[in-house]
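User: I am new to reading structures. Please take one part of this chain and walk me through it closely.

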Amino acid sequence: MNRRLNFDKAFKRFRQNLQISDRQNSALTDTRRTVRKHLRQHCPEKLGIKFLTQGSYAYGTLNRPNQVPPQRMDLDDGTYFTGLDAGDPRKLFEWVDNTLQGLVSAYHGWRLDTNKPSCCRLIIPGDMHIDIPLYASLNETPDNLRVHQEKYAPLYQEAGILYVPLSGVWLAHRSEGWIKSDPRAVIDWVLECKKKYGRQYLSVCRYFKAWRDHQWEDSPLKSILIMRMVELACKQELHKLGANNDDLVVMRVAGRMIDSLGNGGITDPTDTSKTLDAGISPVKQNITAKLESLHGDMEKALCGTIDQKQAYSLIRNQFGKWFPENHGDLISRAGAGVAVASAPSTVVSAPRPWAVPWK
């Protein structure tokens, strides 16, 4: 089916609209700085403490929230302890919770949420929170450290994320004890995807995260599952990705996502013994139906009509308020027979202040 209307400019403006503001970014980083300083000042002398920003803020997929509340901007700041024995992590949580509670009492409106089993959460008035997962580095000299550094250090440098060669990392869990978990494995995977598919990969992930946030207040469709399905779609659509075809790429990826959910068993890219879609089984039918609606509306808007007003309405209803309003310069008639561009992705996403994750 040939494209009749071109929304590529509208999607690129959409990406800009999803960008957090300088004020919001400063609020997140100022809060991170305050929390780090407080934890350092109160850390027992026998322990070493360092911090590594991870998640969407670190690799550039953080969006402005769509429905506030309950949605918020979040920054995940991993807190790593050395010199810590492998005792009961509940004692570590108790110390960090108590220390953060002292900080909360000094700032009006701040609130500590201890209900998250895998982190401490500081809720900041307005539309943001800071998650503080706790890690123990129990073995800093693995045999394969050099190999990992040679492979990934250049990718970290390109992304503006400082490479720190820790290993033997365990995540503290409030009920399950210590869990073997290193968030840098996810960062490694994301940077590999960006290297292979270009920055358009991150852009498409952001579009689908924004679509999710418009469709649901609180969805079980986690960001890592979205990013994994986008990766799987890119593998199948690599020859059809193109720098000037964000609209077509979104339509095609939506169709591939429907197939992925139908096939089931979407593996965790950092641990193939786990599946990412297992947790959505009760609502998989609903998610699939919404993806089918997205794919159908995108196909109709791009390929099934020349009514620009109707087509624009279809897409904006799917993606919500951050999708730009209908302006004549954001939509155009496609050339005859245009379906896809064969050029590889070279899209550069909107400028954002990359995290300074490790200090």
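**From a helix to its neighbouring strands**

Helix α4 covers residues 89–104, which makes 16 residues. From its first C-alpha to its last it reaches 22 Å, close to the 22 Å expected at 1.5 Å a residue. Keep in mind that this is a predicted model.

Next, look at which residues of α4 are hidden. Buried here means under 20% relative accessible area. The buried residues of α4 are P89, L92, F93, V96, D97, T99, L100, L103 and V104.

Now move along to strand β5, residues 120–124. Five of its five residues are buried, so β5 is largely enclosed by the rest of the structure. In a regular strand, side chains alternate between the two faces of the sheet. So check each face of β5 in turn. C120, L122 and I124 lie on one side, and they are buried.

What does β5 pair with? One partner is strand β4, residues 111–113. These two strands run antiparallel and share three bridges. Within this pair, L112 stands opposite L122 of β5. Six residues separate β4 from β5, and the two strands form a hairpin.

Strand β6, residues 128–132, is also a partner of β5. Five bridges join them, again in the antiparallel sense. Here I124 has M128 of β6 as its bridge partner. β5 and β6 form a hairpin as well, with three residues between the strands. In that hairpin, G126 takes a positive phi near 105°.

Definitions and conventions. Residues numbered from 1 in each chain as written. Predicted model: local features only at pLDDT ≥ 70, side-chain atom pairs only at ≥ 80, totals over all residues. Heavy atoms only, no water. Buried < 20%, exposed > 50% of the residue type's maximum accessible area, 1.4 Å probe, protein only. Helix = DSSP H or I, 4+ residues; strand = E, 2+ residues; numbered from the N terminus. Pairing = 2+ DSSP bridges. Expected span 1.5 Å × (residues − 1).
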